[in-house]
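I opened the notebook on a pocket and the residues around it. The entries follow in the order I looked things up.

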Amino acid sequence: NGSGVRFEICKDGTKQGLNATKRLAANVWTHVTVTIGKDGANIYLDGKLNASTAEITFRPSDVAPSLAYLGRSMFDADPLLKGAIGDVRLYNYPLEGETIEKLYYSDQIGAANELAATPMNASTRNTLVDAIKEAESAIESGDEETIKSALSSLKTAMSKAQSSAES
């Protein structure tokens, strides 16, 4: 229905859901995390809390789903996800915000290292490797602005490297 990221859980015909407040950008990898705990549910985008509600009281252990979808709605009229899912992790406990942020950072570094291992010109590879080192250093510093800047530079370097690898 064009609403963007939505988490929904259904029990005995009753639905509880949460919509992200930000739409996902086209052609950009986005780290999406949903947590459910005793205080409700949260949606994180790229390691940052985006939406939260205490109105979701159902837990996955409360339901015995016959259907569970990622990238598809329960309604045939809704569009399918036009994109790719690179990783799915399920935990039997809710992750804390700091843990989610660290997972996002490590996933970014991991994806950049994988990309650096693909064929590309030396200049582009050097720029990417430098950006990886800068991001790792920024993450170790813990300074939010430094991390934000370094991850932005890393994404730019990854985009250029991806274009170089594809040509």
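Entry 1, terms and model. I call a residue buried under 20% relative accessible area, exposed over 50%, and partly exposed in between, using a 1.4 Å probe and protein chains only. The model is predicted, so I noted that local features need pLDDT of at least 70, that side-chain atom pairs count only at pLDDT 80 or more, and that totals for chains, interfaces and linings use all residues. Residues are numbered from 1 along each chain as its sequence is written, and side-chain values use heavy atoms, with hydrogens and water left out.

I looked up the second largest pocket and found about 340 Å³ of space in it. A pocket here is an open set of points on a 1 Å grid over the protein atoms alone, where a 1.4 Å probe fits, with protein on both sides within 12 Å along at least five of seven lines; lining residues have an atom within 4 Å of a point. Points are joined across faces, edges and corners, and the volume is the space filled by probe spheres set on them.

I then listed the lining, which has 17 residues, with D46, K48, Y104, K148 and K155 nearest the centre of the pocket. By class it has seven nonpolar, two polar and eight charged residues. Asp, Glu, Lys and Arg count as charged, Ala, Val, Leu, Ile, Met, Phe, Trp, Tyr, Cys and Pro as nonpolar, and the others, Gly among them, as polar.

Which helix gives the largest share of the lining? Helix 3 does, with seven residues. Helix 1 (97-116) and helix 3 (144-166) each supply at least two. Helices (H or I, at least four residues) and strands (E, at least two) are DSSP runs, numbered from the N terminus.

I placed K48 in strand 5, residues 48-53. Its relative accessibility is 36%, so K48 counts as partly exposed. Beyond four places in sequence, K48 touches I43, E101, Y105 and E144, where contact means heavy atoms within 4.5 Å. The side chains of K48 and E144 make a polar contact at 2.5 Å; I took this as a pair of N or O atoms within 3.5 Å, one able to donate a hydrogen and the other to accept it, with residues adjacent in sequence counting only if both atoms are side-chain atoms.

I found E101 in helix 1. E101 counts as buried because its relative accessibility is 18%. Leaving aside neighbours within four places in sequence, E101 is in contact with G47, K48 and E144.
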